[in-house]
Amino acid sequence: MSRVFRPVRGALLALGALAALGALSQAPYASTEASHALLRLAWRVRGTPVHECRRLSPEELERLPVHMRRAEDCEPRVLSYRLEVRIDGRVETEQLVHAAGARGDRPVYVHRELILSPGEHLVEIAFVREPQHEEEIEHEAEETAEEESREHRDDERQGPARLALHARLSLGAGEVALITYDPEQRSLVLRGRGPADARP
Amino acid sequence: MPRLGQQLTNQTRRVLTWVDATVNRLYGWRFNPLYQSGALATALLSVVLLTGVYLLFFYKVSAPYDSVARLADQVWLGRWVRSLHRYASDAALVAALFHALRMFAQHRAWGPRVLAWASGLILVFVVLVCGWTGYVMVWDAQGLALAREGARFLDALPLFSEPIGRSFVGERELPSAFFFLNLFLHVALPIGLGVLLWIHVSRVARPVLLPPRRLLWAAVGALLALSLIWPAVLGPEADVFRLPQRAPLDVFYNFWLPLTERLPAWTVWTLGSAFAAIVMLAPLWLRPAAPDHPPASSVDERLCTGCRQCYLDCPYEAIAMMERTDGRPEPVAHVDPALCVSCGICAGSCAPMGVGPPGRTGRDQLSAIRQFIMQRRLAGTDVVVIACTHGAGGSGALDGTHVYPIDCAGNLHTSVVEYLLRSGVGGVLVAACPGRDCWHREGPKWLTERLYHDREAELQPRVDKRRVRVAHAGAAERPALLAALTAFRGDLAALDAAAGEETIDLDFACEPTEETAKP
């Protein structure tokens, strides 16, 4: 009896294995956040390079080979930005974004993703370059219109001093909105699904 | 060997032998696909390669999804070729993992085999990466999710001047250069696979790269039937502004996707590296302590006739023929201890008994069998079972027979069989492992050749070969071995009865009696 049923059982085993192969080869998958909406922040701004120099002491100079002795040691670096994101008035992200690269001398990249509940949200973003000099900190509050226009001219060679966006979003489940930087408009812009109303 | 590791390998082996036995009952050991997992993996990758060449003609880097969708719409050819490409890749991966599990459970992953183990794991990793590029090529929801996750992992490393993850955020359209690079990788990696496969089998003689023809065609036919009946589904097109909702996911290649989505990239790198290191090094941790390592074979130069048989039979190319130091013209065998796994197959191949691991040469086997016979009272109807310790006969007494254990059926010298029969035992049953399940690759094959097909060192013609039988049974197949033993005993009894009949006077026996003469 067992001999008679052996080919049948063999065929059933093969069928089972094939069915498992077919099912596992295309198992249904949904993103873990598929029931939510997503706000994606992604942009790149050219960094503002600064050289921070200090005078070397006679002892330090003494330790260096003769052909490498220079009065000042200058470390080039790119200024960081402070990113603040508020969703419906609540601070979601507040952090310093440093320039990319092992030596921090590459452009500044922002790439963040924030999970939102589906529906309407007020999004406020501020992306502000860190002050270059102590004087800049003192005068920041008294920025004049002339200084602002000079800043815009600088933006083309360097990164923008300040970017901001206020937007009202309406996102459904699984929808993604993107906030990015438009170098032509020199402002943050909203793309993707659900952008309802945005102003820099 | 650490206790926990020993338990782990023992448990793995127990499960494996049980599964093997179940499949053997259904298909027979010659066509058990689990025994042929390594060869099946290679054969299925060849199917992937062939179907991939066809698909390549239709793929467009400028419109990846549309070109794949057009293929999927070709009812007569494109759809099933694409499905076969997918299913064969999945089956190849499963086969490769099964092969690795068997090697691990049978302690075949350290010592001279460490190169095969390490290269095998790298092969699996390259196959996974190849699969990754293949799914990104399709550029459906699954492809996008894979591309984004891959970019996230790579961006965590200080390799790229610009984060590559930005390419998939929707800031700008994805350049076709990306798909070209991806296609290049998908085509170039199989070339790397070829090199790795060559390294993988470089330390074995006569590598088996294809399963038996019937099994090969059965596997390909089954996958083809699956492709026709249940073609691979094409997911929705990649949309960077939408999160995947019920997209098809290939669990074999992309099982990690749902696991890693919520983890930071560095955690994934740390966990992934730790897992890879554990798998790579596990056999080294679990191997026996150095004093317990089986010793390599050695050659007695005085006995070696330079016949080259051990050199031909060694499954690991550990034996070379060299010039001898005693001035005789013929070459002498030389064993490289770094390549020798101490299988003892060379001992079974050497007619003058001049080679083998210490304590297991032909001469050692003869003195051991003398002791074995002296300790027992063997009758003319007794059957002695010579059992490989890794097979069904390895776990002790067997239905009242005398069991003589050996390390591998291929290690058995035919003189031992002859000696047993000359000592008066009724028959010798050699309990070997199933052919492709031998821990030393070719033990049962060479044993059969030596017993029945006159391969050196052959069983002498003076021995009645009807009293010698080979039974193939895995560790979990004791009932099959017992059945073979019973059948052998029956045959021996018939043989003995027939031998008794030779002494009968047929004329006298057949003369009609009064009763039979009645009309």
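Reader: Among contacts in chain A between residues at least 6 apart in sequence, what share joins residues at least 24 apart?
Author: In this predicted model, 66% of such contacts in chain A join residues at least 24 apart, a contact being counted when the two C-beta atoms lie within 7 Å. For chain B, counted among contacts between residues at least 6 apart in sequence, the share that joins residues at least 24 apart is 74%.

Reader: What makes up the secondary structure of chain A, and how much of the chain is buried?
Author: Chain A has four helices and twelve strands, and buried residues make up 24% of its 200 residues. In chain B there are 19 helices and nine strands, and 41% of its 519 residues are buried.

Reader: Why is strand 2 of chain A described as largely enclosed by the rest of the structure?
Author: A residue is called buried if 20 or more other C-beta atoms lie within 10 Å of its own. Nine of the nine residues of strand 2 (residues 37-45) of chain A are buried, so the strand is largely enclosed by the rest of the structure. A:A37, A:L39, A:L41, A:W43 and A:V45 point one way from the strand, A:L38, A:R40, A:A42 and A:R44 point the other way, and all are buried. In a regular strand the side chains alternate between the two faces of the sheet.

Reader: How do you know which strands pair with strand 2 of chain A, and in which sense, parallel or antiparallel?
Author: Two strands pair if at least two bridges are found between them. Strand 2 of chain A has nine bridges to strand 7 (residues 108-116) of chain A, and these two strands pair in the antiparallel sense; within that pairing A:W43 stands opposite A:V110. Strand 2 of chain A is also joined by four bridges to strand 10 (residues 176-182) of chain A, and here the strands run parallel, with A:A177 of strand 10 as the bridge partner of A:L39.

Reader: What makes strand 1 of chain A and strand 1 of chain B a pair?
Author: The cut-off is at least two bridges, and strand 1 (residues 27-29) of chain A pairs with strand 1 of chain B over three bridges, in the antiparallel sense. A:A27 stands opposite B:L249 in this pairing.

Reader: Which element of chain B gives the most to the side that touches chain A, and how many residues take part on each side?
Author: In total, 37 residues of chain B are in contact with 35 residues of chain A. Helix 4 of chain B gives the most to the side of chain B that touches chain A, with four residues. By class, that side has 23 nonpolar, five polar and nine charged residues.

Reader: Why are strand 7 and strand 9 of chain B placed where they are in the sheet with the order 7-6-8-9?
Author: The sheet is an open one of four strands with parallel pairing. Strand 7 (402-406) and strand 9 (468-472) of chain B each have a single partner strand and stand at the edges, so one side of each is left without a neighbour in the sheet. Neighbouring strands of this sheet are turned by 20° against each other on average, direction ignored. Strand 9 of chain B is joined by five bridges to strand 8 (residues 427-432) of chain B, and the two run parallel; B:V428 stands opposite B:V468 there.

Reader: How do you know that the span of helix 5 of chain B agrees with its number of residues?
Author: The expected span is 1.5 Å times one less than the number of residues. For the 25 residues of helix 5 (residues 114-138) of chain B this should give 36 Å, and the end C-alpha atoms are 37 Å apart, which agrees. Just after this helix, B:W139 takes a positive phi of about 55°.

Reader: Why is B:F160 called neither buried nor exposed?
Author: Buried needs 20 or more other C-beta atoms within 10 Å, and exposed needs 12 or fewer. B:F160 has 14, and is therefore partly exposed. B:F160 lies in the loop between helix 6 and helix 7 (176-200) of chain B, and, not counting residues up to four places away in sequence, touches B:L154 and B:D155.

Reader: What domains does the assignment give for chain B, and how far apart are their C-alpha centres?
Author: The assignment gives domain 1 (3-286) and domain 2 (359-501) of chain B, and their C-alpha centres lie 43 Å apart. Even so, twelve residues of domain 1 of chain B are in contact with eleven residues of domain 2 of chain B.

Definitions and conventions. Residues numbered from 1 in each chain as written. Chains lettered and ligands numbered in written order. Predicted model: local features only at pLDDT ≥ 70, side-chain atom pairs only at ≥ 80, totals over all residues. Axes fitted to C-alpha atoms, helices over the stretch in contact; angles between N-to-C directions. Nonpolar A, V, L, I, M, F, W, Y, C, P; charged D, E, K, R; others polar. Domains from an automatic or database assignment.
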